[in-house]
Every structure is written in C-alpha cells, then in structure tokens.
Amino acid sequence: RDRNTCRILNQGGVDFGILGDDETCCGSVLKRIGEMESFEKQARANIEMINSTGVETVVTSCAGCYKTIKQDWPQFGTLKPRILHTVEMIRELMEKGKIEFTSRKNDKKIVTYHDPCHLGRHCRVFDAPREILDRLPHLKLVEMYPTREFAMCCGAGGGVMSGFSDLAVKIAAGKIQKAVEASSDILTSACPFCLSNLNQGNRIAKTQVKEIADITDLIVQS
C-alpha cells in the first residue's frame with residue numbers, strides 16, 4: 001500500500017517525502033477505546049512535529065488515520081498543512097492530467113467498493129474512490145448494497161478487531177456475502193483495517209469473493 005502510493009505519487013510528479021523513523025502512530029485506536037490521556041499526548045506531539053516540517057499537504061493511505069488527523073487532532077492544536085486521503089490526492093492528479101491509465105487486458109473484471117466507516121460516514125469521502133475505479137480500464141465498478149453512508153461496517157473498527165476478533169471476522173463474512181451478491185470478482189477498499197478483516201472474513205464465508213485488493217493495487221495495475 002505505501003509502496004503503491006509512492007509509485008503513484010512519483011508517476012504524478014509529486015514532490016514528497018516521508019518521516020521515516022520519526023513517524024509515530026496517529027493514535028486512532030487509543031481514541032476509539034477511550035485512552036484519551038494517551039491520545040492527547042500522541043496528537044499534540046504529532047501536530048508539533050508535522051508543523052515543524054513546513055509541508056503543505058499530509059497524505060495518508062489509512063482511513064482511520066485520515067479521520068483522526070482531520071477531525072480528532074484539532075481538539076488539541078492546529079495542523080497547518082491540508083489533509084488528504086490517498087484517493088483524494090490521486091483524483092487531483094487525474095483531474096490535472098498527471099496520471100493516465102492503460103490496460104493490457106481485453107476482459108474487464110467486476111469490482112465493488114467497500115466504504116470504510118472512517119472515510120465514508122465520518123468524513124463523507126464517497127466519490128473520489130468511485131471516480132478512480134470508473135477510470136480504470138480493466139475494471140467495471142458495481143455497487144453492493146447497502147452502500148455509501150448506509151454501508152455496513154466491516155467489523156474491524158472501534159477496537160472490535162482488537163478486543164473481539166471472532167465477532168469482527170463474523171461481521172466481515174457478512175460483508176463478503178454482500179460482495180458476492182453483487183457478482184463482483186474483486187472487493188476493494190481504502191483502509192488497511194478493513195482489508196485485513198475482510199480477508200479474514202473471506203476465509204470463513206460460505207461463498208468467497210475471488211480477490212480482495214487495496215485500491216492502490218488496482219491503480220498500479222493500470
């Protein structure tokens with residue numbers, strides 16, 4: 001996922017860097033399970049560090065990080081750069097003509113998109129991933145229902161995957177069935193927590209989806 005993002009940003013001519021060993025967790029899980037004192041300490045330290053770099057934009061490939069940075073950190077300080085999820089940045093590059101897609105395949109695979117709770121319901125990022133998938137020539141996008149703000153959670157969020165892993169996987173298996181009902185070959189998302197849990201759910205589902213892939217995997221293929 002991170003390597004894919006780097007490849008895409010390089011392809012789009014973006015001048016970017018990473019913090020490397022200086023980068024720490026955003027604190028999302030601490031916030032979700034109620035460890036507010038630890039979360040506040042983490043958020044303040046991150047805000048100070050990122051502001052000190054002088055960057056204009058922060059890009060994250062994780063829906064949980066995106067929600068935390070954009071909506072939760074501001075309780076404890078002002079982050080100067082704008083915040084984008086990878087899909088928002090890629091859509092900008094597409095609109096500017098910095099990224100073009102080609103296909104070496106004649107047959108199109110059916111793909112359906114899972115809306116991560118943190119990216120979708122919480123931050124209202126619904127269109128960017130769909131606009132990207134619509135532009136990928138080797139794919140045909142279909143919706144599984146319910147979708148967008150009514151989409152079912154994958155079961156991983158809110159500390160459930162950490163505290164109640166069996167329940168999380170059962171919920172994910174239910175989501176897999178929705179993807180199967182949509183006749184999709186590929187189930188994709190833009191959240192590492194979702195993808196990890198959906199892969200677990202696919203193993204126990206009555207009917208499996210053929211492929212589960214991060215959206216950046218599909219972009220790089222084109």
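This is a predicted model: local features need pLDDT of at least 70, side-chain atom pairs count only at pLDDT 80 or more; totals for chains, interfaces and linings use all residues.
I take buried as under 20% relative accessible area, exposed as over 50%, and partly exposed as in between (1.4 Å probe, protein chains only). Residues are numbered from 1 along each chain as its sequence is written, and side-chain values use heavy atoms, with hydrogens and water left out.

**Salt bridges**

I searched the whole structure for salt bridges (a side-chain nitrogen of Lys or Arg within 4 Å of a carboxyl oxygen of Asp or Glu) and found nine. I name helices (H or I, at least four residues) and strands (E, at least two) as DSSP runs, numbered from the N terminus.

I looked up glutamate 40 and found a salt bridge to arginine 44, with the closest N and O atoms 2.9 Å apart. Both residues lie in helix α3 (residues 36-53), and because they are four residues apart there, about one helical turn separates them. Glutamate 40 is partly exposed at 29% relative accessibility, and arginine 44 is partly exposed at 41%.

I then looked up aspartate 127, which bridges to arginine 148 with a closest N to O distance of 3.0 Å. This pair connects distant parts of the chain, 21 residues apart: aspartate 127 belongs to helix α6 (residues 127-135), arginine 148 to the loop between β4 (139-142) and α7 (160-163). I noted aspartate 127 as partly exposed at 38% and arginine 148 as partly exposed at 28%.

Glutamate 143 is partly exposed at 23%, whereas arginine 130 is buried at 6%.

I also recorded a network of salt bridges that links Arg32, Lys67 and Asp72.

**Helices α8 and α9**

I checked how helix α8 (residues 165-181) packs with helix α9 (residues 192-204): the angle is about 75 degrees and the axes are 7 Å apart. Axes are lines fitted to C-alpha atoms, for helices over the stretch in contact, and angles run from 0 to 180 degrees between N-to-C directions. The two helices are therefore roughly perpendicular, a class that covers 65 to 115 degrees, with under 35 as roughly parallel, over 145 as roughly antiparallel and the rest as oblique.

For contact I use heavy atoms within 4.5 Å. The α8 side includes Ala168, Val169 and Ala172, and the α9 side includes Asn197, Leu198 and Ile204.

**The sheet**

I looked up the strand order of an open sheet of four strands and read β4-β3-β5-β6, with parallel pairing. β4 and β6 (211-214) are the edge strands with a single partner each, so one side of each has no neighbour in the sheet. Neighbouring strands are turned by 35 degrees against each other on average, direction ignored.

Two strands count as paired if DSSP finds at least two bridges between them. Strand β3 (residues 109-113) pairs with β4 in the parallel sense over four bridges. I found threonine 112 opposite valine 142 in β4. Helix α6 packs on this sheet and touches β3, β4 and β5 (186-189), its direction making about 145 degrees with that of β4.
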